[in-house]
Amino acid sequence: MDNFEDTKPVATVSTIGEKIVETENLTVSFDGFKALNHLDFSMDVGELRVVIGPNGAGKTTFLDAITGKVQPTEGQVRFKGRNTKRLAEHQIARLGIGRKFQTPRVFLNLTPRENLELACNPKKNIVGTLFRRSNSSDRRRVISLLETVGLTAKADLPAALLSHGEKQRLEIGMLVAQSPDLLLVDEPVAGLTDEETQNVGDLLLALAESHSILVIEHDMEFVRQIARKVTVLHEGTVLCEGDFEEVQTDPRVIEVYLGKQEETEA
Ligand code: ADP
Ligand code: MG
């Protein structure tokens, strides 16, 4: 387990109470429409936070603002205490933010092992990674990541043969390979079977032992499975926060979110 960053404890005595990400008065306008509206949010180092909210609540824009894909019109985002205002997207990523988009972005003609080797060595190109032998610490790290994401048995099959859920887990593994301080995960179980949903949930819970993770999600069963603290977004701002039970029984949440869902399901 030498040189193995994934096992380092994420919250140490020196980080207790520290914020991994905070927003203050964060407003993002598109032609005058406020997708985020004076949003105050903060999350501790080591937390697993789930953000829910109806369609159009501003969830994806919230992630875009954290990663620098969109700029605040007003207010600020602080990552590890640092205002990210003047930084470009790639600079913010390099500070330690890994983002998983909704659709998997793995190389389908490479195997899970090769995908993870590439992710461990973002500076090498594909040819270099595939034809040069990786060093033994990288190899051990890939073996351990394959284990973490539950793909050891399929390590050497083309990723094209993986199920949608397995691809999602592989991509989460590829993010983890880059040792980010904060993992942002946008709707990881959309379109997955119940069993795959459970697997992705178990993976995120395992990763939460050693990472700060912010998950955007719609699927309430999934939220119930993984949630500790839940933030409900509505019209670009925080409607309420609490544990799953509190949020689920909050009349405002039932009205704007769960109520709507029940209507569409009926
Ligand atoms: P969610 O992810 O919660 O469904 P989004 O963050 O995608 O919500 O969108 C929030 C609101 O902002 C929506 O009304 C959407 O139409 C609007 N919006 C998002 N991105 C843009 C954009 N680039 N230009 C204009 N409006 C946008
Ligand atoms: Mg969205």
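Reader: By class, how many nonpolar, polar and charged residues does the lining of the largest cavity have?

Author: Rolling a probe the size of a water molecule over the atoms shows where empty space is left. In this predicted model, local features need pLDDT of at least 70, side-chain atom pairs count only at pLDDT 80 or more, and totals for chains, interfaces and linings use all residues, while side-chain values use heavy atoms, with hydrogens and water left out. Residues are numbered from 1 along each chain as its sequence is written, and chains are lettered from A and ligands numbered from 1 in the order in which they are written. The lining of the largest cavity has 4 nonpolar, 3 polar and 1 charged residues (Ala, Val, Leu, Ile, Met, Phe, Trp, Tyr, Cys and Pro count as nonpolar, Asp, Glu, Lys and Arg as charged, the others, Gly among them, as polar).

Reader: Which residues line the largest cavity, and what is its volume?

Author: A cavity is a set of points on a 1 Å grid over the protein atoms alone where a 1.4 Å probe fits but cannot get out, and lining residues have an atom within 4 Å of a point. Grid points are joined across faces, edges and corners, and a volume is the space filled by probe spheres set on the points. The search of the whole structure finds 1 cavity of 30 Å³ or more. Its volume is about 40 Å³, and Ala65, Gly68, Val70, Gln71, Pro72, Val77, Thr84 and Lys85 line it.

Reader: In what order do the strands of the sheet stand?

Author: Strands of a sheet pair through backbone hydrogen bonds, either parallel or antiparallel. Here 4 strands form an open sheet in the order β2-β1-β4-β5, with antiparallel pairing. β2 and β5 (82-83) are at the edges with a single partner strand each, so one side of each has no neighbour in the sheet. Strands (E, at least two residues) and helices (H or I, at least four) are DSSP runs numbered from the N terminus, and two strands pair if DSSP finds at least two bridges between them.

Reader: How many bridges join β1 to β2?

Author: The two are joined by 8 bridges, and Glu22 stands opposite Ser42 in β2. β1 and β2 form a hairpin with 2 residues between them, and Asp31 in the turn has a positive phi of about 50 degrees. β1 (residues 19-30) also pairs with β4 (residues 74-79), over 5 bridges; Thr27 stands opposite Glu74 there.

Reader: Which element gives the most to the shell around ligand 1?

Author: α1 does, with 3 residues. By class, the shell has 5 nonpolar, 5 polar and 1 charged residues.

Definitions and conventions
1 Å grid on protein atoms, 1.4 Å probe; cavity = no way out; pocket = protein on both sides within 12 Å on 5 of 7 lines; lining within 4 Å.
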